[in-house]
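I opened the notebook to record what I looked up in this structure.

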Amino acid sequence: MITEHQQRVRDRYLAAPVMPAPAPWQPVMDRTTTIGGLLGIGFAVHPDTGHDLVMVVSQDGHGLFDAVTGEKIARDRHPDPATGVPDAHPDLACPGLGPVAGTEIRIAGLFGGGLHLTTPDGWTLDVVSPDWPQDRVILSVDGGANDGAAGGTWWHVFHSNRSTLRAAGFSPSGLTLAVATSSDLTLWTRPRFPIDD
């Protein structure tokens, strides 16, 4: 039995349509990249450009994407079986590839782990399931309270009604928002924000 308050919260999420993320967030490329058998994702930083990178681990190998442009910049179709999935490493990590080869990248997804759920300047991400097993990704600026109508201080930006949610969260820089399901990767990016010294 759920309380009256819990029912109101559930109804609020069920009534919220999927909507674009608010400014300054922008979808990357066509917004969704199809990746069959996706197991998890992790973040790194390009040593030359400073762009956030997203490493994808799937049943078909590893891929590395520039989170600003959406470009696939490295691919390994046959990673070492001993390190090719994150559960082979105590930190749920896989070896980087391309410009981040030689580094370990922590992967969040099917085997556990997690991504950042807040940014340094106050954005919050929640995953809610008012109609489980479908998950909804909620982006907010109200600390995750998600009060009022959608589109005010919170936005329903993704609904995993086709595939199983693997991971959702921000890059450590707070400039990239990623949602990974068992079949695709969706990215949003925003410009650098000023940091008070």
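**Entry 1: V54 and its contacts**

Leaving aside neighbours within four places in sequence, I find V54 in contact with I41, G42, F43, G63, L64, F65, A67, L185 and L187. The model I am reading is a predicted one. I located V54 in strand 3, residues 52–58. Is V54 buried or exposed? V54 has a relative accessibility of 0%, so I logged V54 as buried. I also took one C-alpha separation here: V54 and K72 are 18 residues apart along the chain, and their C-alpha atoms are separated by 9.4 Å.

**Entry 2: L185**

L185, which is on the contact list of V54, is found in strand 14. Its relative accessibility is 1%, so L185 counts as buried too. For L185 I looked up the C-alpha separation to P99, which is 86 residues away along the chain, and got 21 Å.

**Entry 3: T176**

I placed T176 in strand 13, residues 176–181. Which side chain does T176 join through a polar contact of 2.7 Å? The partner is the side chain of D52. Not counting residues up to four places away in sequence, T176 touches W25, F43, D52, A67, G169, F170, S171, L187, W188 and T189. Of these, F43, A67 and L187 are also listed as contacts of V54.

**Entry 4: aromatic pairs**

I searched the whole structure for aromatic pairs and got four. One of them is Y13 with W154, an edge-to-face pair at 5.6 Å centre to centre, with 80° between the planes. This pair links distant parts of the chain, with Y13 in helix 1 (residues 4–15) and W154 in strand 11 (residues 154–160), 141 residues apart. Are these two residues buried or exposed? Y13 is buried at 10% relative accessible area, and W154 is buried at 0%. I also noted one aromatic cluster, formed by W25, W123, W155 and F170. Two members of that cluster, W25 and F170, are on the contact list of T176.

**Entry 5: cavity**

Rolling a probe the size of a water molecule over the atoms shows where empty space is left. How many cavities of 30 Å³ or more does the whole structure have? The search returned one. The largest cavity has a volume of about 60 Å³. Its lining holds 10 residues, and V28, M29, T33, G70 and L187 lie nearest the centre. Strand 1 (26–34), strand 4 (61–66) and strand 14 (184–189) are the elements that give two or more residues to this lining. Strand 1 gives the most, with five residues. By class, I logged the cavity lining as five nonpolar, two polar and three charged residues.

**Entry 6: pocket**

The largest pocket has a volume of about 270 Å³. I found 18 residues lining the pocket, of which G42, F43, I105, R106 and I107 lie nearest its centre. Strand 2 (38–45) and strand 7 (104–106) each supply at least two residues of the pocket lining. What is the make-up of the lining of the largest pocket by class? I have it as 10 nonpolar, five polar and three charged residues.

Note on methods: Residues are numbered from 1 along each chain as its sequence is written. This is a predicted model: local features need pLDDT of at least 70, side-chain atom pairs count only at pLDDT 80 or more; totals for chains, interfaces and linings use all residues. Side-chain values use heavy atoms; hydrogens and water are left out. Rings of Phe, Tyr and Trp (its six-membered ring) pair if their centres lie within 6.5 Å; planes under 30 degrees apart count as stacked, over 60 as edge-to-face and the rest as tilted. Helices (H or I, at least four residues) and strands (E, at least two) are DSSP runs, numbered from the N terminus. Buried means under 20% relative accessible area, exposed over 50%, partly exposed in between (1.4 Å probe, protein chains only). A polar contact is a pair of N or O atoms within 3.5 Å; within protein, one must be able to donate a hydrogen and the other to accept it, and residues adjacent in sequence count only if both atoms are side-chain atoms. Contact means heavy atoms within 4.5 Å. On a 1 Å grid over the protein atoms alone, a cavity is a set of points where a 1.4 Å probe fits but cannot get out, and a pocket is an open set with protein on both sides within 12 Å along at least five of seven lines; lining residues have an atom within 4 Å of a point. Grid points are joined across faces, edges and corners, and a volume is the space filled by probe spheres set on the points. Ala, Val, Leu, Ile, Met, Phe, Trp, Tyr, Cys and Pro count as nonpolar, Asp, Glu, Lys and Arg as charged, and the others, Gly among them, as polar.
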